[in-house]
Amino acid sequence: MTLDREHLEYPHRRYGMDHDRYEWSMLSERPAIAWPHGKPLALWVNVCLQFYPLNQQGKPFAVPGGMTMPYPDLRHFSLRDYGNRVGIYRFLKAFDRYGIRPSFAINGALVDRAPQLIGTIAERGDEIMGHGLHMDALHYGGQDVDEERKLVVDALAALRAVSPSPVTGWLSPVRNESENTPELLVENGIEYFCDWVNDDMPYRFNTANGGLWAMPLSNELEDRFVIMNNGHSEQSWQEQVCDACDFLLEEAERSGSGRILALNLHPWMLGQPHRIGKLEEALAYITGHDGVFCAAPGELLGHINI
Amino acid sequence: MKADPGLYDYWPWEGRPKITWPGGARIAFWVAPNIEFYELNPPANPHRKAWPQPYPATPGYSIRDYGNRVGHVRQMEVLDRYNIRGSISLSTALCDHHPEIIQMCLERDWEFFSHGIYNTRYTYGLSEEQEREMIQDSIDTIEKHTGRKPAGYLAPALSHSEHTIDLFAEAGGIYTCDLFHDDQPTPITVRGGQRFASIPYSLEMNDTIAYVVNKIEPRRYGQMLKDNFDRLYQEGADNGTVMCIPTHNYQVSCPHRLKAFEEALEYITGHSDVWVTTGREIAEHYLQHHYDEAQAAIAAQEASA
């Protein structure tokens, strides 16, 4: 059996990308970005606050970090819940100690499930981003557009009811999207999203409803990916973060353009007693550099005029 | 289906004629950056899925795009620092998509070898005629954009047919990176009888195998590269060896990984008697100086068996 002719045809073989979502552009060729006070490196810490339902449907796939055992998978349900009850408070102490002003990507369903925590976050005044409804409500290719629209609307309505400032950022659960996700986000007042991991700096993303900023929130360096997916030690995670900090500082200085070190964190992972020290060591190392300042994504975008 | 591909004969390490490298080097060292283009929405190959999720597979597509937007220049700057010319394993459609990258590599006299058209178009299911057309397209594209035909081939996404290597030899190629059976170049038997060699490319030192498949920590990867070099360098005093580091800009060029790679390059190129070269130069040297001797030794081994 041979394949159809279409396998040797390349309709998008042309200059630039094979789609129209954004312009092809190399980071090294772009105009320099100047951060405030001449600081070369911005530290952006994002914390994911998540709800993993016990009755996981796994549509279209079982989310990494979700339930893996036959129902009722109490071990994973409760271990994820640990992050919102215990781990997050270790995070907050560490952030205050090192002067970190993080952003929080919050599942909409958590507003009702953990009202005290959401109240504490709102009171701190940190930036809040949409993070879908919960971790079993994925956005995916082929999803009915009205079904997906309701997920976006419900998730944002829950957060906007409690957030003291406008919610204009978004991170899809496990960064999964449908072909309509970017349009639905713009339709619902989102100005930047963090799903695409193809850059280390913000860039403009096209949708049929207008433009979005794509913000660079590294997946390769996040605690869940390094420790759970790759099986590396917490010590190795800390080393990798420090190596990234050194590299980005050097690249920012060499290129004369600001850079962003983005850490995506989960309190159910690094909030454990045996791991929190590694987060603290990493934050101490990074904030110990004069060239580093800490900012949330909305603030960073305010400094970019391209 | 065959139990053995019939591409080479068993030929043990002991007792081989000595390979010597230019300048009396013990080891030929080359770095092979894969510069790839993955399509967001390729036609579905019934034998292998391009992406785990339904379209759009944002996570997999976007991290690979990172390699071209961010990673390429980073790795190139590191290779420049150690006077290493890359031997590029090229998704040849990238000549159309991202000619700026091709231009930078041309300015540095890097080598381009064929890695198919896209890394989301597999050899599986192609007829021999279709595969020949795909390979010829990739060769013509490299020649058109760089002025020179490629000498080497690495099948797209390591997807092969029984005739992949025959077809590339018939199209004028002289070496393959698809085989991992040796630490030296070896003769390869192709149906047309062309003089053709396998050049060690190393799956084990491949950053994507290390990071994605084997999930190695970055600093350990750097140490593995040094250990790999140390042993091949030591053994190269007796019989010339080859070390290759195949890389991908979306893996090795991440901020938390590049330093370990750079330290390994500094270590390796800090030794004397290391021929820092390209895949084509290794293949040409081998075919000119050692191929006949190897063929004779293999024939003698079979005659005495």
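# Notes on a two-chain model

Visitor: Where does Lys278(A) lie?
Guide: Lys278(A) is in helix α9 (residues 276-287) of chain A. Helices here are DSSP runs of H or I with at least four residues, strands are runs of E with at least two, and both are numbered from the N terminus.

Visitor: Before going on, what kind of model is this?
Guide: A predicted model: local features need pLDDT of at least 70, side-chain atom pairs count only at pLDDT 80 or more, and totals for chains, interfaces and linings use all residues. Residues are numbered from 1 along each chain as its sequence is written, chains are lettered from A and ligands numbered from 1 in the order in which they are written, and side-chain values use heavy atoms, with hydrogens and water left out.

Visitor: Back to Lys278(A): buried or exposed?
Guide: Lys278(A) is buried, at 18% relative accessible area. Buried means under 20%, exposed over 50%, and partly exposed in between, with a 1.4 Å probe and protein chains only.

Visitor: What does Lys278(A) touch?
Guide: Glu234(A), Gln235(A), Trp237(A) and Gln238(A), leaving out residues up to four places away in sequence. Contact means heavy atoms within 4.5 Å.

Visitor: And His12(A), where is that?
Guide: In the segment before β1 of chain A. His12(A) is partly exposed, with 38% relative accessibility. Beyond residues up to four places away in sequence, His12(A) touches Asp18(A), His97(B) and Tyr118(B).

Visitor: New topic. How many salt bridges over all chains?
Guide: The count is 42. The rule is a side-chain nitrogen of Lys or Arg within 4 Å of a carboxyl oxygen of Asp or Glu.

Visitor: Which side chain meets Glu222(A) in a salt bridge?
Guide: That of Arg175(A), at 3.1 Å from N to O. The two are 47 residues apart and link distant parts of chain A: Glu222(A) is in the loop between β7 (212-214) and α6 (223-229), Arg175(A) in the loop between β4 (169-170) and α5 (181-187). Both Glu222(A) and Arg175(A) are buried.

Visitor: What does Arg259(A) pair with?
Guide: Glu251(A), with the closest N and O atoms 2.7 Å apart. Arg259(A) and Glu251(A) are both buried.

Visitor: And Glu129(B)? Which partner there?
Guide: Arg132(B), at 3.4 Å from N to O. The pair sits in helix α4 (residues 128-146) of chain B, 3 residues apart, which means a separation of about one helical turn. Glu129(B) is exposed at 51% relative accessibility, while Arg132(B) is partly exposed at 31%.

Visitor: Which residues are linked in a network of salt bridges?
Guide: Glu239(A), Asp243(A), Asp246(A), Arg219(B) and Lys259(B).

Visitor: Let's do helices. Which residues of helix α3 (residues 115-124) of chain A are buried?
Guide: Leu117(A), Ile118(A), Ile121(A) and Ala122(A). They span an arc of only 135° around the axis, so they lie on the same side of α3(A). The arc is that of the directions from the helix axis to the C-beta atoms. Gln116(A) and Glu123(A) are exposed on the other side of α3(A).

Visitor: What do the buried residues of α3(A) pack against?
Guide: β1 (41-49), α1 (74-98), β2 (103-106), α2 (110-113) and β3 (127-130) of chain A. Gly125(A) follows α3(A) and has a positive phi, near 80°.

Visitor: Now α10(B). Which residues are buried?
Guide: Tyr291(B), Ala294(B) and Ile298(B) are buried in α10(B). Their arc is only 65° around the axis, which puts them on the same side of α10(B). Ala303(B) and Ser304(B), on the other side of α10(B), are exposed.

Visitor: How do α7 (residues 234-255) of chain A and α1 (residues 58-81) of chain B cross?
Guide: Their axes come within 13 Å and cross at roughly 85°, so α7(A) and α1(B) are roughly perpendicular. Phe247(A), Leu248(A), Glu251(A) and Arg254(A) of α7(A) make the contact with Arg74(B), Glu77(B) and Arg81(B) of α1(B). Axes are lines fitted to C-alpha atoms, for helices over the stretch in contact, and angles run from 0 to 180 degrees between N-to-C directions. Under 35 degrees counts as roughly parallel, over 145 as roughly antiparallel, 65 to 115 as roughly perpendicular, and the rest as oblique.

Visitor: At what angle do α1(B) and helix α3 (residues 99-107) of chain B pack?
Guide: About 5°, with the axes 11 Å apart, so α1(B) and α3(B) are roughly parallel. Asn68(B), His72(B), Val73(B) and Met76(B) of α1(B) meet Ile101(B), Met104(B) and Cys105(B) of α3(B).
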